[in-house]
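We will go from the whole chain down to single side chains.

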Amino acid sequence: CSDCAHRRYPLSAICPRCLSERADWVPMSGRGTLFSTIVFHQVYNEAFRGDVPYNAAIVQLDEGPRLMSNVTGCDPSSVRVGDEVTVWFDAVTEEVTIPRFRMARPAA
């Protein structure tokens, strides 16, 4: 929000804190903490058959907003609430890029 500096996500036309309609895009650090996670072991959608097992996670960004994504590059079951993560951008197609996360510190 350009008026109260609240970082809002998901995007909205009006700031939920001060009701301003003024907003600017600002860069984020890409760092966050795992707020919630679950591992899918069953195929619920054929499009994800090759990804099972995979985790679905809610990441609390250091700047405040929460994003739903997943943590990659590790055993999906090793991810724990409170783990520090960093973003990477998965260019799925030429038109679609998805923010995903990696562990900020390798597991001991």
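**Before you start**

This is a predicted model, in which local features need pLDDT of at least 70 and side-chain atom pairs count only at pLDDT 80 or more, while totals for chains, interfaces and linings use all residues. Residues are numbered from 1 along each chain as its sequence is written, and side-chain values use heavy atoms, with hydrogens and water left out.

**Stop 1: the whole chain**

Select everything and colour by secondary structure. You will find six strands and zero helices; here helices (H or I, at least four residues) and strands (E, at least two) are DSSP runs, numbered from the N terminus. The C-alpha trace spans about 45 × 35 × 25 Å along its principal axes.

Of the 108 residues, 24% count as buried, where buried means under 20% relative accessible area, exposed over 50%, and partly exposed in between (1.4 Å probe, protein chains only).

**Stop 2: the sheet**

Hide the surface and look at the strands. All six form an open sheet in the order S3-S2-S1-S5-S6-S4, with mixed pairing; two strands pair if DSSP finds at least two bridges between them. Select 66-69 and 71-72 next: these are the edge strands S3 and S4, each pairing on one side only.

**Stop 3: the S5-S6 hairpin**

Which way do strands S5 and S6 run, parallel or antiparallel? Select residues 84-91 for S5 and 97-103 for S6: the two run antiparallel and are joined by seven bridges. A hairpin of five residues connects S5 to S6. Show Thr86 and its bridge partner in S6, Arg102, then Trp88, whose partner in S6 is Arg100.

Next, bring S4 back into view. S4 pairs with S6 in the parallel sense, over two bridges, and Val71 stands opposite Phe101 in S6.

**Stop 4: Ser69**

Select Ser69, which has its place in strand S3. Is Ser69 buried or exposed? Ser69 counts as buried because its relative accessibility is 11%. A polar atom of the Ser69 side chain lies 2.6 Å from the backbone oxygen of Pro99. Leaving aside neighbours within four places in sequence, Ser69 is in contact (heavy atoms within 4.5 Å) with residues including Asn55, Ala56, Pro99 and Phe101.

**Stop 5: His6**

Finish in the segment before strand S1 (31-40), where His6 is found. With a relative accessibility of 18%, His6 counts as buried. Which side chain makes a polar contact with the side chain of His6? Show Arg17: its side chain makes that contact at 3.3 Å. A polar contact is a pair of N or O atoms within 3.5 Å; within protein, one must be able to donate a hydrogen and the other to accept it, and residues adjacent in sequence count only if both atoms are side-chain atoms. Not counting residues up to four places away in sequence, His6 also touches Cys1, Cys15 and Pro16.
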